[in-house]
Amino acid sequence: MTLIRTITIGDTVVQVSGEGMPLVFVHGFTTTAEFWREQVEPFSTRHQMVRINLPGHGRSPRPEDRKYTIDAFVEDVLGVYRALSIESAVLVGLSMGGTVAQNFALAHPARVRALVLVGATPHGLGADVNVENVRKAIDELGVVTASQKVIERSFGSAASAELIGFARNEVAQTPAFVARQAIASLNASDSRARLGEISVPTLVVVGEEDVITPPSESRTLANGIPNSQLQIMASAGHFPMLEQPDAFNRLLGEFLMQQGMLPPRLTENATAHVHQAD
C-alpha cells in the first residue's frame, strides 16, 4: 500500500506519494484529487506524485474572500511547486485542470517538463456546459444536483453505477459560490492564439464518448501545440483515467518513457484501449 501524505498549502489540500521526478495532477470543475486515484499505485513507485485539490474543491478550504478563477488556480499550483521545492514537473490536467495546466505552462514554462491534457479544450468546455447553463442549473436545482447531473452525462457507456456514484459524491463538496466563479472564468479562458508558444512535449488524451469536451476539442489542442500527440481512448467518456485506468496508465507510462522519464515496465500493451489519432 502506497503511503499518502496530506498537506495543506495555503487554500490547497495536496496529496503526495512516492519519490522521484514529480508528476503534478490537477482535477477539473467541481471534481477532486480523488479522480486521479487509479494513478497512485502505478506511478508512485517511480515518481513523486502530487495530487492537488484546488481551493473550494474536495477537502480544500473555501474562504469567501478569495478568487476561484483560472488565474488564481495557476497561482495556487505555483504555490504548491514552491512549498514542495519542485523546480520542474510533468503537469497533468483534467478538463478545467487542463485549462489551468495550459495557462501555467504559458506563464511558467521553465516549471513544466512535459504536459498532459485530459478531456481538455483551449476555450471553455463543451456546448452544454457553459456559464449560462451552469448558473441556471444551480439556481433551479441547487449546486449539488446541478453538478451531479453534469457528472452523470460525463461518463461513457461502459462506466459502472459504482463509479458514477463515487463521482456524484465527490462533486457534491463544491459550494455554489465557488462553482459560479470557476465556470465563468473557465468559459472566458481562451488559449487558442497562444498554443504555439507551448514548446514542451504534450500528450492530449480524450475519451471517444466524451460529450463534455468532445474529441474535436482535443484535436484543436493537438493541432495547435507543436510538439504534441493526440490519443483517443475507446470505451471512455470525460474521465478516461477512471473509466479505463489500465489503458490510461500504460498510455501515460509510454509517453513518460518517450521523454526519458520512465522505464518501460508500465508501457506493455499500451494500445489495448487506445486509438492513435491521425
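This is a predicted model: local features need pLDDT of at least 70, side-chain atom pairs count only at pLDDT 80 or more; totals for chains, interfaces and linings use all residues.

Biologist: Why is Gln48 called buried?

Modeller: Buried means under 20% relative accessible area, exposed means over 50%, and partly exposed lies in between (1.4 Å probe, protein chains only). Gln48 has a relative accessible area of 15%, and is therefore buried. Its place is in the loop between α1 (40–44) and β4 (49–53); helices (H or I, at least four residues) and strands (E, at least two) are DSSP runs, numbered from the N terminus. Leaving aside neighbours within four places in sequence, Gln48 is in contact with residues including Arg5, Met21, Leu23 and Ile86, contact being heavy atoms within 4.5 Å.

Biologist: What makes Val211 buried or exposed, or something in between?

Modeller: Val211 has a relative accessible area of 46%, so the class is partly exposed. This residue sits in the loop between β7 (202–207) and α8 (215–224). Its C-alpha is 7.2 Å from that of His238, although the two are 27 residues apart in sequence.

Biologist: What makes Arg51 and Glu34 a salt bridge?

Modeller: The term requires a side-chain nitrogen of Lys or Arg within 4 Å of a carboxyl oxygen of Asp or Glu. For Arg51 and Glu34 the N to O distance is 3.6 Å, and the pair is a salt bridge. Arg51 lies in strand β4 and Glu34 in the loop between β3 (23–26) and α1, so the pair ties together parts that are 17 residues apart in sequence. Arg51, at 2% relative accessibility, counts as buried, whereas Glu34, at 25%, counts as partly exposed.

Biologist: Which residue forms a salt bridge with Asp139?

Modeller: The partner is Arg180, with the closest N and O atoms 2.3 Å apart. Asp139 in helix α4 and Arg180 in helix α7 (residues 176–188) are 41 residues apart, so the bridge links distant parts of the chain. Asp139 is exposed at 54%, and Arg180 is partly exposed at 26%.

Biologist: How many residues does the largest nonpolar core have?

Modeller: A nonpolar core is a set of buried Ala, Val, Leu, Ile, Met, Phe, Trp, Tyr and Cys residues joined through side-chain atoms within 4.5 Å. The largest has 55 residues, and Ile52, Leu91 and Leu115 have the most contacts inside it. Helix α2 (residues 70–83) gives the most to this core, seven residues. Apart from it lies another core of 35 residues, Val92 and Phe248 among them.

Biologist: What space lies in the largest cavity?

Modeller: On a 1 Å grid over the protein atoms alone, a cavity is a set of points where a 1.4 Å probe fits but cannot get out, and a pocket is an open set with protein on both sides within 12 Å along at least five of seven lines; lining residues have an atom within 4 Å of a point. Grid points are joined across faces, edges and corners, and a volume is the space filled by probe spheres set on the points. The largest cavity holds about 120 Å³, and the largest pocket has a volume of about 160 Å³.

Conventions. Residues are numbered from 1 along each chain as its sequence is written. Side-chain values use heavy atoms; hydrogens and water are left out.
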